[in-house]
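Thanks for coming, everyone. Let me put the structure up, and then we'll walk through it strand by strand.

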Amino acid sequence: MIDRDLLPTYRLLSGPDDSTFCYRVSDALDLGYELHSGPALTVKDGQGYVAQALIWRREGPPPSTSAAVA
């Protein structure tokens, strides 16, 4: 059963390659997530877009959705 009040154990953050995206990843790391491999980057019409996978590997459940900013 999935608890929708908890963040998923696997998350994929994506968006424009800017400081806002970096802060979103940093916020997830502060919550206790770990990076899963390196980021993916693509360019469309001169704008860079990035994606970063994150995994919850700690014991116990991941944080609640109210704890997430990203």
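Let's start with a pairing question. Which residue stands opposite Ala51 of E4? The answer is Ala40. Keep in mind throughout that this is a predicted model.

Now the strands around that pair. E4 covers residues 47-55. Strand E3, residues 40-44, pairs with E4 in the antiparallel sense, over five bridges. E3 and E4 form a hairpin, with two residues between the strands. Look at Asp45 in that hairpin: its phi is positive, near 55°.

Strand E1, residues 10-16, is antiparallel to E4, with seven bridges between them. One example is Arg11, whose bridge partner in E4 is Leu54. Then there is E2, which also runs antiparallel to E4 and is joined to E4 by two bridges. There, Glu34 has Ile55 of E4 as its bridge partner.

So how covered is E4? Mostly: of its nine residues, seven are buried.

First, Gly48, which lies in E4. Is Gly48 buried or exposed? Its relative accessibility is 15%, and the cut-off for buried is under 20%, so Gly48 counts as buried. Beyond four places in sequence, Gly48 touches Gly15, Pro16 and Asp17, and also Leu41, Thr42 and Val43. Pick out Gly15 from that list. Gly15 and Gly48 are 33 residues apart in sequence, yet their C-alpha atoms are 8.7 Å apart in space.

Second, Gln52, also in E4. This is a glutamine, and Gln52 counts as buried because its relative accessibility is 5%. What does the side chain of Gln52 reach? It reaches the backbone oxygen of Ser37, at 3.2 Å. The contact list for Gln52 leaves aside neighbours within four places in sequence. It includes Arg11, Leu12 and Leu13, then Phe21 and Val25. It also includes the run from Leu35 through His36, Ser37 and Gly38 to Pro39.

On to the core. Nonpolar side chains in soluble globular proteins tend to be buried together. Which residues make up the largest nonpolar core here? There are nine: Leu7, Leu13, Phe21, Val25, Ala28, Tyr33, Val50, Leu54 and Trp56. Two elements, helix H1 (19-31) and E4, each give two or more residues to this core. H1 supplies the largest share, three residues. Outside four places in sequence, Ala28 touches Arg11, Leu13, Tyr33 and Leu54.

Last stop, charge. Side chains of opposite charge can pair when their charged atoms come close. How many salt bridges does the structure hold? One. Its partners are Arg57 and Glu34, whose side chains meet at 3.5 Å, N to O. Arg57 lies in the segment after E4, while Glu34 is in strand E2 (residues 34-35), so the pair ties together parts that are 23 residues apart in sequence. And how accessible is Glu34? At 34% relative accessibility, Glu34 counts as partly exposed.

To recap. E4 pairs antiparallel with E1, with E2 and with E3. Gln52 is buried in E4, and its side chain reaches the backbone oxygen of Ser37. The salt bridge joins Arg57 and Glu34. That's the tour.

Definitions and conventions: Residues are numbered from 1 along each chain as its sequence is written. This is a predicted model: local features need pLDDT of at least 70, side-chain atom pairs count only at pLDDT 80 or more; totals for chains, interfaces and linings use all residues. Side-chain values use heavy atoms; hydrogens and water are left out. Helices (H or I, at least four residues) and strands (E, at least two) are DSSP runs, numbered from the N terminus. Buried means under 20% relative accessible area, exposed over 50%, partly exposed in between (1.4 Å probe, protein chains only). A polar contact is a pair of N or O atoms within 3.5 Å; within protein, one must be able to donate a hydrogen and the other to accept it, and residues adjacent in sequence count only if both atoms are side-chain atoms. Contact means heavy atoms within 4.5 Å. A salt bridge is a side-chain nitrogen of Lys or Arg within 4 Å of a carboxyl oxygen of Asp or Glu. A nonpolar core is a set of buried Ala, Val, Leu, Ile, Met, Phe, Trp, Tyr and Cys residues joined through side-chain atoms within 4.5 Å. Two strands pair if DSSP finds at least two bridges between them.
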